[in-house]
Amino acid sequence: MKPVTALTWEHLPDAAKRALAQEAWLAKSLLESGTTALRNADYGSPGRYYEGFFNICIAIERMAKLILALDQRLETGAFPTRQYFKDSGHKLVPLFQNLFEVSKRRGFEIEQPSNRGEPETLAFLDEFATRDRYYNLNSLSSTATTSQPIADPVRRWYALVFAVLTEKEKQITPREARDLVGAQDMDRLPAVLIHFESETGESLTSSYAEQQQWLKTKRVQVRGTMLCLGLVRFQAEMIHELDQVMNAARIDAPQFGEFFSQWRAPEDARLRKKRQFTAK
């Protein structure tokens, strides 16, 4: 009888495994901070919108490039060149098209992000990644107000997400109705000073107007975060499938599910209520 020999594994160089793990960690950390910021952004702290957009854009770009790197390693035995990643740039729409092609070629049964608002969200993040992340600095230029006005990304995001809300999502609860009545009572008191500006640029100078805006904003917080998570979920599922392919090919690579498992969670009531995505 021939002796039983252990199946051999292909061991990636330590430097490659370290680079892959660090890239996954970076994307994971950016997702945690970005989704937490976007989920809690409002007219009182508009900077959180930019924190959310910026970190989520970078995270899904790096996740996409990580997926493409793993796919090419499986296909050719070599990782992509530096020029390949440079040529990819920050354009998220073409990167996702590449991911769709990889998923189809490999026969992954993963639902593409095509629910209402998800393609528009990808297009918005693509624009932010390539142009709008410099909005605040560009708006300081004198030509920004005299030649071609620059569209505020927060306003565009708010309009995009609010348009996706269903009538059921917009429906006011009994508790919220009581809060509106309470805000009207507050406005009858002397020396009540309210001064905010809504995400769409409207002045909020009464408790009632501010409360009305808050009811809209908190719905945008939830639905906007869910739209972004729809894109991330697709990527996390792809990484999970590639993990299985790498294991089947007996390639000793980092187990990326350890980094992205939480992002595979389907949308449900628990996820919609979640406000903190950073690891404890």
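In which helix is Lys65 found? Lys65 is found in helix 2, residues 47–76.

1. A word on the basis. This is a predicted model, where local features need pLDDT of at least 70, side-chain atom pairs count only at pLDDT 80 or more, and totals for chains, interfaces and linings use all residues. Residues are numbered from 1 along each chain as its sequence is written, and side-chain values use heavy atoms, with hydrogens and water left out.

2. The overall picture. The protein has 13 helices and 4 strands (DSSP runs numbered from the N terminus: helices are H or I with at least four residues, strands E with at least two). Its C-alpha trace spans about 95 × 45 × 30 Å along the principal axes. Of the 280 residues, 42% count as buried (under 20% relative accessible area; exposed is over 50% and partly exposed in between, with a 1.4 Å probe and protein chains only).

3. Back to Lys65. This lysine is buried, because its relative accessible area is 13%. Beyond its neighbours within four places in sequence, Lys65 is in contact with Phe85, Ser88, Gly89 and Leu95 (contact means heavy atoms within 4.5 Å).

4. A contrasting spot. Leu137 sits in helix 6, residues 135–138, and is exposed, because its relative accessible area is 61%. As for Asn136, its C-alpha atom is separated by 28 Å from that of Lys65, 71 residues apart along the chain.
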